[in-house]
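Please look over the sequence and the model shown below before reading on. The report after them is meant for a reader who is meeting this structure for the first time.

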Amino acid sequence: MKNVYCAIDLGATSGRIILSADGKQLEEVHRFPNQIYEQNGMFFWNMDTLFEHILTGLKKVASRNDIHVLSIGVDTWGVDVVFLKEGKKLANPRAYRDPYTEKRMPEFWQTISAQAVYQRTGIQMLPFNTLYQFYACYKDQYQPFLQADTYLFIPDYISYLLTGKMVCEYTILSTSQFLNPITKQIDKDLITAAGADSTCFPPIVYPGHKIGCVLKEVVPFAYDVPVIAVAGHDTASAVATVEQGPVAYLSSGTWSLMGIVVNEPVITEQSEAYNFTNEGGVEGTTRLLKNITGMWILEQCRKEWQAQGKNYSYSQLVEMAITVKNQADKLTAYLFNPDESRFANPSSMIHEIDPSSSLSDAQLVWLIYNSMAQRYARVFQMLQSLAPWQIQKLIIIGGGAQNDYLNHLTEKAIGVPVQVGSVEATAQGNILIQKHYLK
């Protein structure tokens with residue numbers, strides 16, 4: 001019987017249950033969809049359905065006679081929070097793509113200035129940061145928020161359902177914009193200004209902390225397996241796989257995140273002007289990075305094409321872009337910044353890019369890929385100006401690393417070598433952290 005570790009890896013579009021004995025060779029046991037749903041003009045994640053899928057995956061794991069599970073770790077996207085009262089979920093968590101926070105961010109700055117918020121947290125200004133979600137809930141008198149006695153980030157909530165134990169894992173907390181990266185504690189002035197209560201968070205723990213064991217009454221087929229707090233933020237788990245040294249990383253997926261690993265936060269006027277973020281990493285490191293809209297735009301166009309009966313594979317999309325590369329001079333005029341707010345969640349992504357409906361599908365794909373590469377180049381320039389050393393190469397990790405065409409465009413745009421890292425960096429990092437701390 002082989003000893004293995006189990007990663008529960010939840011992304012914005014899908015979730016997976018992964019097994020590995022060494023953190024390198026991975027086996028996907030179960031994959032399931034995840035998507036935002038709308039109700040009464042609000043956007044949510046369906047945690048009940050997600051947990052049912054997780055239980056299905058764990059049941060598949062338990063049915064195996066050839067393995068013994070040593071531990072389980074959970075990683076997810078950042079910022080979103082479940083509100084609980086007396087241990088019970090009051091509602092499904094609001095999704096970060098819900099636009100209810102957009103007007104609240106500048107409104108919050110009337111209480112505590114944007115500059116003061118950045119100096120206290122070192123976190124990139126994004127309207128969906130937990131700080132502004134809480135403030136929006138407070139101003140809107142959102143009842144689950146007002147009634148809650150506990151706040152749990154998504155990975156901590158999943159771990160709670162499995163173990164009955166509540167924690168607040170450091171790397172996922174660091175995405176909130178109310179964590180002080182120097183003291184590594186919640187800034188009570190910020191959280192109070194947002195109308196929230198810092199005592200509603202459980203104790204802060206760090207990657208490697210044993211949360212508890214799986215409860216028999218919850219998962220009888222995985223009873224007593226330890227649940228480890230890995231780097232609960234998926235990017236933090238992914239970055240744990242990147243080599244040390246003067247390198248930058250690009251975690252490429254629905255979101256792209258470009259950054260470097262440093263020992264101390266970089267909170268300067270320049271980092272603030274560039275809107276770079278300082279998020280928690282493993283072993284006390286800081287991930288200096290910037291969020292960039294990644295494959296989201298292409299994924300949304302692909303959904304619209306599928307609704308039209310055009311089921312383009314990812315390889316077909318690349319081929320389509322290549323067929324129109326001789327039209328680059330014409331198409332360059334249509335290049336756009338993928339990080340513009342209008343691309344966050346439009347009713348039609350295709351129309352948002354091409355309101356005149358004058359471009360072919362192939363031209364749209366070329367435009368998306370080349371706009372991404374140009375944005376990567378601009379962010380790389382910013383990152384280099386903040387880095388304490390000369391960046392020698394860019395390591396691309398995550399699912400987007402499989403796109404050789406985009407990798408080539410990126411290398412050409414940034415001017416340093418691009419290296420493909422782990423395609424499964426998030427799950428691999430999740431498992432490597434479990435393995436390291438269970439030695």
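## Basis of the report

This is a predicted model, in which local features need pLDDT of at least 70 and side-chain atom pairs count only at pLDDT 80 or more, while totals for chains, interfaces and linings use all residues. Residues are numbered from 1 along each chain as its sequence is written, and side-chain values use heavy atoms, with hydrogens and water left out.

## Two packed helices

Two packed helices are described by the angle between their axes and the distance between the axes. Helix α12, residues 314–323, packs with helix α15, residues 361–386, at an angle of about 95°, and their axes are 8 Å apart. That makes α12 roughly perpendicular to α15, where angles of 65 to 115 degrees count as roughly perpendicular, those under 35 as roughly parallel, those over 145 as roughly antiparallel and the rest as oblique. The axes are lines fitted to C-alpha atoms, for helices over the stretch in contact, and the angles run from 0 to 180 degrees between N-to-C directions. Helices (H or I, at least four residues) and strands (E, at least two) are DSSP runs, numbered from the N terminus.

On the α12 side the contact is made by L317, V318, M320, A321 and T323, which meet D361, A362, V365, W366 and Y369 in α15; contact here means heavy atoms within 4.5 Å. By class, the residues of this contact divide into eight nonpolar, one polar and one charged. In this scheme Ala, Val, Leu, Ile, Met, Phe, Trp, Tyr, Cys and Pro count as nonpolar, Asp, Glu, Lys and Arg as charged, and the others, Gly among them, as polar.

## Helix α16 and its surroundings

In helix α16, which spans residues 404–414, the buried residues are Y405, L406, N407, L409, T410 and I414, where buried means under 20% relative accessible area, exposed over 50% and partly exposed in between (1.4 Å probe, protein chains only). These buried residues of α16 pack against α12 and α15, and also against β20 (393–397) and β21 (418–420). The helix is followed by G415, whose phi is positive, near 85°.

## Cavities and a pocket

On a 1 Å grid over the protein atoms alone, a cavity is a set of points where a 1.4 Å probe fits but cannot get out, whereas a pocket is an open set with protein on both sides within 12 Å along at least five of seven lines, and lining residues have an atom within 4 Å of a point. Grid points are joined across faces, edges and corners, and a volume is the space filled by probe spheres set on the points. By this rule there are three cavities of 30 Å³ or more. The largest cavity holds about 60 Å³ of space, and its lining consists of V74, P155, D156, S159, E169, I211, I228, A229, V230 and G232. The elements giving two or more residues to that lining are α6 (154–163) and β15 (226–229), and α6 gives the most, with three residues. The lining of the largest cavity has six nonpolar, two polar and two charged residues.

The second largest pocket contains about 500 Å³ of space. Its lining has 26 residues, of which P127, F128, D339, S341 and A344 lie nearest the centre of the pocket. Strand β19, residues 286–293, gives the most to this lining, with three residues, and the lining residues divide into twelve nonpolar, seven polar and seven charged.

## Loop residues with positive phi

Most residues other than glycine have a negative phi, and most peptide bonds are trans. N275, a residue other than glycine, has a positive phi near 60°; N275 is found in the loop between α10 (269–273) and β18 (277–280) and counts as buried at 18% relative accessibility. S357 is not a glycine either, and its phi is positive, about 55°. The place of S357 is the loop between α14 (349–353) and α15, and at 60% relative accessibility S357 counts as exposed.

## Other single residues

S198 lies in the loop between α8 (188–193) and β13 (204–205) and is buried, with a relative accessible area of 16%. Not counting residues up to four places away in sequence, S198 touches I186, K188 and I191.

A116, in helix α3 (residues 114–121), is partly exposed, with a relative accessible area of 26%. A116 and L190 are 74 residues apart in sequence and 9.8 Å apart in space, C-alpha to C-alpha.
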